[in-house]
Amino acid sequence: MGDADPGPHAVARDAVLDTLGASPDALAVIDAATLAVLRVTPALEGLLDQPAVTLLHRPFPALGVPTERETLHAALMAGRTQTPEHANHATVLLARGGQALSCDLHLVRLTLPGGQHAVGVTVRPTLDAARPAAPPPRLTLLETMVSTSPDALMVLNTTPGPGYLTLEYGNPAIHTLLERHHMNARRDVALTRWGFGPRDLSAIRRLRVRLARQDHDGGLYTLFLPDVREWLELTASPIRDTHGTCTHWAVDLRVVTDRHRIQDTQQRLAEANQLALRGQPLDASVNALLGGLDVWYPGWLAAVVCTDGGTGRLRVLGHTPYSLRVTLQNTDPDILRDLWRRRDPDRSGRPLVFNDLPGQLRGRLDPAVIAQLAVHSTAELALYDQSGALLGVLFAAHETPQDVPAGLPDLLTLRAPALALLLQRDAQRRQVEQLAYTDPLTGLMNRWTFSARLDHELRRAAGAGHALVLGLLDLDRFKQVNDGLGHAAGDALLGTLAVRLGELAQRHGLLALARMGGDEFAFLVGGPAQVPAITQGLRELFDQPFELNGHPLLLQGSVGWSVYPDTAQDASALHQQADAAMYSAKRGQAFAHVYSPSRQPGIQPLTLETAMRQALERREFWLVYQPQVSSSTNELYGAEALLRWTNPALGRVVPEQFIPVAELTGMMVELGIWVLHTACREAMRWPTPHLTVSVNVTSTQLQDPQFADHVRHVLQHTGLDPHRLVLEVTETGLIDNPESARMMLQGLRDEGVKISIDDFGTGYSTLHSLRTLPVDELKIDRAFIQDIGEASQRGWESRAIMRATLLLAHALDITVVAEGVEQQTQADALRTVGCDLHQGWLIAPGLDAASFGRFVRDWPVRLAARPPEAPDRPAP
C-alpha cells in the first residue's frame, strides 16, 4: 500500500516555506513552539558557512555561541508575542570552525497555512568595525568545549541575597541530567527549589556545610542522592572578585553511579568470600552479597530460594517478608524445578519481571496461597551450575503494587554469578563433609570422626572424673558372605545392620556409633553400668534374621569392651584392649568380653612367628607386581609391589595373617627394608625405564626414625630415580604418628619420592590427611569401585562419591588411583568420571618379576590390537 496523499494545508504550508526560503536575505523560519529551524535561505547558509542540512530541525538558539544561547532562547520566545517593531535582538552566532559572528536579529511573527505559528528571523551582520568585540577564537573554543562536555557543568551564584544559589550558567549536560529525573533548572530559582527530594536536599545541605567549613577552597567530593539513586563525583571551585570574596561556585558533576554499583558488588563479593573461607554459614555470605539493595531501590528486598542439602527441603536465604519465607519453605522443591523448567526452558538465566505477581499466579495457585505470599512485584532469575542443574532462584520483591525499577534486573544479574558460585561451593562443602566425617556405605560416623569424638569424650570424662567405655563389634565369618553371595549382598547386610545399631544407640543413649571399616563397628558408652544392657540388646539384634533377596540370613558377631580409667588411660589403649577383648570373645566362642589384664590374648600362634623369623633367610618371601594404567588412554603407568609368602610347612600364607604378626614382633622394619630393596632393584630391570613402582609402608615402619635413611640408601644402592618410587602409607601410620610422619615424608617428597594414601575413604585419614600431610596420590578402596559401573542407585552413589573425591583431589593437584577394577563397566565408569589411574584383575593379577617384564613388552601390542579383557581368575 502507498502513502496517503498530503492534505491541502500541508501543500500550501510547503509552498509558503519554499517562497520564504528563496528570499535574498539571510533568513530562517522557525517553529514558534519548539524553535526548530523549518527553512533557511542560501544567504544564511553562506553567512554561517554551513549547508542547510546541518541547520534544519536544530533549535535556533543552538546556533549561538554558548554564552548567548540562554538569552537568545528568551528573546525568541518573547518574539512570538511582541509586535514586529520591538522584535529585534543583538546576539553572536557561531559559524563553521568556531568563528563568532556578531549580528542583529529581526523577528517577524508568521502564521502558516493550517494554523501553524512560526517566527521569521532575519540575520543582519553588524559592521566589521564592531567585530573585534566578538569573543576571541580561543575563548570561543573554550565555550564550545564547555557546551559539548559530557560532564554536567554549572556556575552557581553564592552572593547573599535573592539570587543565592541561582544558576548563572549551565551547559546542556546539566539540563539533560536534571530532565532525566523530571527536574528543571531555572535561572531565577534557587537550586534547592529545582525539584530535589527531601533526602537529596539533606545530602546537598551537608555538602554545603562541608564547603563552608573548608573556607571556600573547593576540592573533589562524592555525593550520593538517595531519592534519585545517583552517585556524583563533584569538583567545586570558587570564583572570587577583586576583593577575594567568593561570589560564585564553578561546579563539575560527573555521574559515577554505574562505577559505584560495580564497586559495591565487588566489595560485597569480597566480604561474602571472606565469610565463606572463614567457615561461616552460607546465610552470612548470602546476606553480605545481597545486602544494600534497599539503598539503590528502597522498599525492595532480595533473597535466594534453594534446596537444603541436609533436609532436601527449600530454604530461603536473604531478606523476605515472613509469610513469603514460610510459604516457600513449605513448598515441594519439585514444584520450583517444574516452574522454572517452563519459565526458562533454555536455561538462559535471564531475569523475568512480574509487576503484578498475584495476577500472574491467579488461576494457578489457591487464592489463600497467593495472599500468603504478601508480595506484588518481583524480579526473578534462575541460577544454574555448570551442568545446567537448577541451583536456586534469586529474586527481589516489593510488598506493594509498583513497577519493577529499570535497573533492578541488571543489579540482580550482576550479583547472580557470585551467588551461584556460593551455592555451588556450599553444595561441594556439604558433599566433602559427608565424605570426611561419615561412612558412605552406612551413613554412620567414620573412623576419623569417631577418633575425634573419643578424644573429646575422654577429656570430658577426665574433667568430670567419670568412666567411659569403648566397645568394638566385629562380624564372624563375614568374608564368607562376601565370597559366597557377592560384595553387593555384603554391603546390603552392613547397611541393614547399621540401621539396627542406630536404633539401639538411640534407645540406650550411646555417645557415639561408627563403622570403623570392613565389618567392624565401634560404640562409646557413658559408663560400665550400661554395658550389660547394651550387650543384651546386641544379642537380641543378632537373634533376628537379616533378610537378603527375600531369604532370611542369621549373622553372628563378637564384642569387646574396654573401660577408662580402669584398664586404659588413653584412646590408643582403649582401642587395643577392646580389640584384644573382641578376639578373645571370638576364640572362646563367647558373644562379648570386657577386657582385663588376665585375659590378654596372643595375637597369632607361635608357630607363625617362628616360621616368619626363618622365612627371610630361606628366601620364602617374593614380590608380585600388579600393573597400573591410565583410565583415559590405558597406557601403562607403573605397578604396585605386593608381598607374598609360601612356607614349606604352612603353605601359602596371606598378608592379612602375617603382616600383623610382623608388626607385633618387631620384624616389620627388616621385612619392609627387604621389600623396598627388592622392588627398586627389580624395577631397574623393567624394559620401560619410566614406570613407577609403588611399595606399601606400614605404621611400624613409619615409627622407625631411620626409615627415611633406609629409603635413601636403597635408592642410592639400586640407582632407581626417586621420582619412580611411590610409598603407599597406611592410614594407621598417619594417625599414630601425624607430626613425625609428616616431617619424614615431606623430606622424602622434597627429594622426588611420591607419597600415596592407601584405601582412602575407608578409615582414619579422609580429609585430615590431605590437610596435614604431604600427599601426591590417593588410592580409592575397592569398596567404592565394586558397583561404580552399575545402572543402579548404588552405582549412581558410587560415581557421585568418586566425582567429589576427584574434584577435591584435583583441586589439590593429587593423582587418584582406583584399585580392584575387575569389569570393563567399572573401567568405563572410571574413565567417564575422570579418574587418573586404575589397577585390578581387568588389567592383570599380581605378576612375578619375569612375567611382569613380559607384560611390559607386550602391553603396547595388546593395547593397539583391542581393549584389554579381564583374564580368567585362578581357582581358589
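Tutor: Buried means under 20% relative accessible area, exposed means over 50%, and partly exposed lies in between, with a 1.4 Å probe and protein chains only. Helices (H or I, at least four residues) and strands (E, at least two) are DSSP runs, numbered from the N terminus. This is a predicted model, in which local features need pLDDT of at least 70 and side-chain atom pairs count only at pLDDT 80 or more, while totals for chains, interfaces and linings use all residues. Residues are numbered from 1 along each chain as its sequence is written, and side-chain values use heavy atoms, with hydrogens and water left out.

Student: Why is strand S28 called largely enclosed by the rest of the structure?
Tutor: Of the seven residues of S28 (residues 754–760), five are buried, so the strand is largely enclosed by the rest of the structure.

Student: What makes S27 and S28 a pair?
Tutor: Two strands pair if DSSP finds at least two bridges between them; strand S27 (residues 725–729) and S28 have four, in the parallel sense, with valine 726 standing opposite lysine 754 in S28.

Student: How many bridges pair S28 with S29, and in which sense?
Tutor: Three bridges join S28 to strand S29 (residues 777–780), again in the parallel sense, and isoleucine 757 stands opposite leucine 778 in S29.
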